[in-house]
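Here is a short report on one protein model. Keep the sequence and the 3D view open as you read.

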Amino acid sequence: MQVLLLEDEPRLGRAVEGALLAQGYGVRWAQGLEEARGIFLELEPDLMVLDVRLPEDPDGGFRFAEEVRGAGYRGPILFLTARDALEDRVLGLDLGGDDYLVKPFHLEELLARVRALLRRGAELKASRVRLGPLEVDLAGRAVFQEGRRVDLSLKEFALLEAFVLHPGRVFAPEELAEKVFGDGEKVGAVKVYVHYLRQKLHPGVVRTVPGGYRFGHEP
């Protein structure tokens with residue numbers, strides 16, 4: 001696990017770096033925004049620990065979090081700051097942070113929060129299913145075809161979800177109608193929504209086979 005630590009105060013930075021290294025994490029420590037940007041471009045970290053107030057910008061940690069979220073970074077972000085006002089905490093979370101630890105803090109608490117965030121990140125990764133050119137984020141309810149996000153309606157996503165969770169299985173139209181529409185007789189609607197998925201994703205994403213439909217990509 002690689003951690004990007006952004007902390008300008010040397011004594012605290014050394015303490016946090018040492019505590020993380022002692023737990024077996026890889027740590028890249030940046031003491032300013034430009035250095036942090038360089039490290040981020042070299043290696044996408046599994047987690048970031050960001051001081052908020054930096055010499056070059058009193059909201060530097062917040063701004064960096066906003067930048068990396070905008071660039072598509074999905075890993076957890078933990079803010080370290082002496083600012084404990086409610087509006088600061090809300091702003092940090094709104095800008096893409098996942099947790100907020102107010103200085104001064106105990107290193108044991110920091111490590112516990114790091115472990116919790118990494119566990120959450122691992123669970124999130126497990127909720128992503130990749131089959132051929134298709135990637136489905138089941139928790140985030142997002143679909144990507146060859147890296148391109150494709151917007152699906154709720155019913156379209158529900159139908160696709162049934163296929164990707166059981167990629168080798170043949171579904172009878174009646175079973176899909178019951179799963180997606182709550183009515184086993186709505187097989188006509190299943191046919192229509194299979195057509196929608198083929199249009200939006202790929203003509204071969206769902207195959208018509210004897211007995212019904214199955215997922216088109218090999219598991």
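## Terms and ground rules

A salt bridge is a side-chain nitrogen of Lys or Arg within 4 Å of a carboxyl oxygen of Asp or Glu. By this rule the count comes to 16 salt bridges.

This is a predicted model, in which local features need pLDDT of at least 70, side-chain atom pairs count only at pLDDT 80 or more, and totals for chains, interfaces and linings use all residues. Residues are numbered from 1 along each chain as its sequence is written, and side-chain values use heavy atoms, with hydrogens and water left out.

## Overall form

The protein chain has 8 helices and 11 strands. Both are DSSP runs, numbered from the N terminus: helices are H or I with at least four residues, strands are E with at least two. The C-alpha trace spans about 70 × 35 × 30 Å along its principal axes.

Buried residues make up 45% of the 219 residues. Buried means under 20% relative accessible area, exposed means over 50%, and partly exposed lies in between (1.4 Å probe, protein chains only).

## Lys-103 and its neighbour

Lys-103 forms a salt bridge with Asp-51, and their closest N and O atoms are 3.0 Å apart. Lys-103 sits in the loop between E5 and H5, while Asp-51 is in strand E3 (residues 47-51), so the pair ties together parts that are 52 residues apart in sequence. Asp-51 is buried, because its relative accessible area is 3%. Lys-103 has 22%, so it counts as partly exposed.

Lys-103 also takes part in a cis peptide bond with Pro-104, with omega about -5°. Pro-104 lies in the loop between strand E5 (99-102) and helix H5 (107-126).

Arg-37 pairs with Glu-34 in a salt bridge, with 2.3 Å between the closest N and O atoms. Both lie in helix H2 (residues 33-42), 3 residues apart, about one turn of the helix. Glu-34 is exposed at 59% relative accessibility. Arg-37 is partly exposed at 25%.

Arg-83 and Asp-88 meet through their side chains in another salt bridge (3.1 Å, N to O). Asp-88 is buried at 13% relative accessibility, and Arg-83 is partly exposed at 22%. Asp-59, Arg-63, Glu-66, Arg-83 and Asp-88 are linked in a network of salt bridges.

## An exposed loop residue

Glu-146 is not a glycine, yet its phi is positive, about 55°. Glu-146 lies in the loop between strand E8 (142-145) and strand E9 (148-150). Its relative accessibility is 66%, so Glu-146 counts as exposed.
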